[in-house]
Amino acid sequence: MKKLIGIIAFIHWSCLSFSQTIRVLDKSSQLPVYQAIATWTESEKKSTSGADGKFFLQDASFLPAQTVEIQAEGYLVAKIAWTPVANIDVELSPDLTAYILPVVITANRLGKSTGQSLSVVSVLERESIDRLSPRSAADALLGVAGVWMQRTNHGGGSPFIRGLSGNQVLLLVDGIRVNNSTFRYGPNQYFNVLDPLNIQQVEVVRGQTSVEYGTDALGGVINVLSRQPLFAQEGKSGFQGGVYGKAMSQDMELSTRVVGAYQGERIAIRAGTSWKDFGDVRAGGNLGFQRPSGYQEQSGDLKVRLKLADNHQLSASWMMVNQEHVGRYDQVAQRGYSRWEFDPQRWQQAYLRYEGNTSNCLLFWKATLSGIQSIEQRKSQKIGSPEVIVEADSVHTLAILGAVTWKPIAQVEIAFGVEYYGDIITSGRLQQDEDTGISIRSRGLYPTGSIAWNSGVYQTAGYTLGHLRIEGGWRYNWFAINIPDQTFGEVQISPDALVGHVGLTFDLGKGHALYSAARTGFRAPNVNDMSTFGPFDSGYEVPAYDLNPEKTRSVELGYRFNRRRGMLFLSGYYTQLTDLMVRQPFTYNGSGTYLGDPVFGKVNTGKAFITGLEAEGAVRFAETIELKGFLIYTYGQDISANEPLRRIPPLNGRIALRKWWGNRLWIEGEMLAASAQNRLSGGDKSDHRINPNGTPAWAVANLRAGTSWKFVSLSAGLQNITNTAYRYHGSGTDMLGRSLYVSLRLGAI
């Protein structure tokens, strides 16, 4: 016992005795710089900064005052005068001649650059979003490697990653799940209910991440990191503000945003509001306007950060997006509806987060309490019918998250966490006869009062031994779903899942590395799978309560190269899917049809595999010229049905060339292209959104340019220069034709 008390006392003393810190920040973004190297010149001691930009040197308190030299890949070297009792912030200036890989946290929760992560990660940074000036969050990801953005309508966007989408891809905002228990299989519109003007960075993890994030993370994970208010440096507190505006030709967009912020040494506040009016889209070629495809959007956000102490921080965040009259063009153009729209489509999230660390021991912890509300109301009316159908679903989610990251020695990193998500669902249906004025209320898409909760515990770890890095992890998840269905009877289920992964990375030197990984994953049945009672594209779905989790096993091999002037990532993977929930013919009240449509229900009989090859590269030359590109190939086969897997994206890629002159002027040209997709499943051929002969190949060129001067930034873009008529495979609407946009930023936006 005395030995134990002594060990605890030593750890406590060692964690608290190191009161002086050096924190390294990017001068332009004020974000921490990870893996910077500090050298105490007189003593020749060295330390490497962690994900928070701070250095760890256990015996620093015994060092005399001296000079410290700080260097990081992609930055100019900085030298500072250091004393053992000082807390110092050091700002590093980027070396514009170097290619810098961004730091990501989503892949393994340990804070690694994309060149070190075991998973393949695509990153969309704030600088790129500013250059793109995208209409929506979905548009922002159109040129991101590994993402195929299906568009059922222009008010939606369903990202496909490694052949999967819908509830088989996990969406996060600031590390908190957007997916809830009503997310449906196949394309959905929920990624579009995010404001790109409030996004700092998007991290797209390609491949299974069930260990880190649990259910739904089969194809991959998309984590949207929102804009952060920044603390002021000593003596530089003050207010900031800015205005953004954008207009697009042919009245396809008119957007504005206003932001206000306060930067203090202990408190930082950022608030913003956006208003957008999207007109009907004019497609390429001679397709003309697609009506209805326009809609209106309002959004707001507020974030407050409090520095309780140098190593302790409290954050409060709220964000909301409301969209009105979001039309389904495909239903009006092809399905016999005079009206079909989401009105409203609303999502909001609030959370309180506490973060802290002990600088000496490099122990970091994070606790989050979050509430999320999702509201979706659908209004439809057939041509010539007086009957208007109004369906409304709302989901209220409570989330409690805790995570700890520990780096006991330089070679070892460990992450541990617990999670809880609980959903309460309200759903209803209203039939209104415009001729008689009679209204009839009935069961909605889901039974009102349905409850689903999801709890899990996970651990990941990484160990570096010379040139070899070993990573592994496990997760145990358990679920409970209670559906009080008065029509079909009450049901309760409580499935669970245990998954794991292991991976190796071998550093070959001079920027070359090889990696391999094996993973298992799962997706638990949710309320949408079990209790849906309503129409879909091929028929009418009825509840199915005897469902188990979907399961995956995957292997991946890859090569990475990263040096001062550029990078190259190559990867190949194979994923086996079993116990897939697939729709099969059912009966309802003894009949195989309902309201004239065939009846279907879900069963766990599906088996399939997906394999693919991915290449992504960039090179920077002549100091201010950058060439980037990617090429993605995906092949999917439904083993059970002996046919191609549904909605598999075709071979697709991008190439872009950017030239800039300091921070004042830039110009960028890009080409996006996709081959024809003629490998169609039976479901693809019966899908009204897909040509039964396949989706034609296409290539589209875009040109953008911009300039900045002090607090003014102006950018413009010419989209689809050749006015090509094209459609992303699986989409229900065609993409924009030749169009021009102009955007203006004033102040700190």
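Student: How confident is the predictor in the protein chain on average?
Tutor: This is a predicted model, and its protein chain averages a pLDDT of 88, with 90% of the residues scoring at least 70. Here pLDDT is the predictor's confidence in each residue, on a scale from 0 to 100.

Student: Where is the confidence lowest, and where is it highest?
Tutor: The lowest mean, 42, belongs to helix H1 (residues 2–17), and the highest, 97, to strand S43 (residues 665–674). Over residues 1–19 the pLDDT is below 50, and this stretch has 14 contacts in the model beyond near neighbours in sequence. A contact means heavy atoms within 4.5 Å. Helices (H or I, at least four residues) and strands (E, at least two) are DSSP runs, numbered from the N terminus.

Student: Why should some predicted coordinates not be read in detail?
Tutor: The reason is low pLDDT: where it is low, the coordinates should not be read in detail. As this model is predicted, local features need pLDDT of at least 70 and side-chain atom pairs count only at pLDDT 80 or more, while totals for chains, interfaces and linings use all residues. Residues are numbered from 1 along each chain as its sequence is written, and side-chain values use heavy atoms, with hydrogens and water left out.

Student: What makes lysine 276 and glutamate 297 a salt bridge?
Tutor: A salt bridge needs a side-chain nitrogen of Lys or Arg within 4 Å of a carboxyl oxygen of Asp or Glu. The closest N and O atoms of lysine 276 and glutamate 297 are 3.5 Å apart, so the pair meets the rule. The two residues lie in distant parts of the chain, lysine 276 in strand S18 (residues 267–278) and glutamate 297 in strand S21 (residues 295–309), 21 residues apart. A search of the whole structure finds 47 salt bridges.

Student: Why is lysine 276 called buried?
Tutor: Buried means under 20% relative accessible area, exposed means over 50%, and partly exposed is in between (1.4 Å probe, protein chains only). Lysine 276 has 2%, so the word buried applies. Glutamate 297, at 3%, counts as buried too.

Student: Why is arginine 523 called buried, and where does it lie?
Tutor: Its relative accessibility is 1%, so arginine 523 counts as buried. Its place is in strand S33 (residues 512–523).

Student: What makes the link between arginine 523 and aspartate 529 a polar contact?
Tutor: A polar contact is a pair of N or O atoms within 3.5 Å; within protein, one must be able to donate a hydrogen and the other to accept it, and residues adjacent in sequence count only if both atoms are side-chain atoms. The side chains of arginine 523 and aspartate 529 are joined at 2.9 Å. Another polar contact, of 3.5 Å, joins the side chains of arginine 523 and asparagine 167.

Student: How many aromatic pairs are there?
Tutor: The count comes to 21. Why is the pair of phenylalanine 239 and tyrosine 262 called tilted? Their ring centres are 4.8 Å apart and their planes are at 50°, so the pair is tilted. The rule pairs rings of Phe, Tyr and Trp (its six-membered ring) if their centres lie within 6.5 Å; planes under 30 degrees apart count as stacked, over 60 as edge-to-face and the rest as tilted.

Student: How exposed are phenylalanine 239 and tyrosine 262?
Tutor: Phenylalanine 239, at 72% relative accessibility, counts as exposed, and tyrosine 262, at 25%, is partly exposed.

Student: What makes lysine 246 sit over the ring of tyrosine 741?
Tutor: The rule asks for NZ of Lys or CZ of Arg within 6 Å of the ring centre and within 35 degrees of the ring normal. The charged end of lysine 246 is 4.8 Å from the centre of the tyrosine 741 ring. Arginine 328 likewise lies over the face of tryptophan 340, at 5.0 Å from the ring centre.
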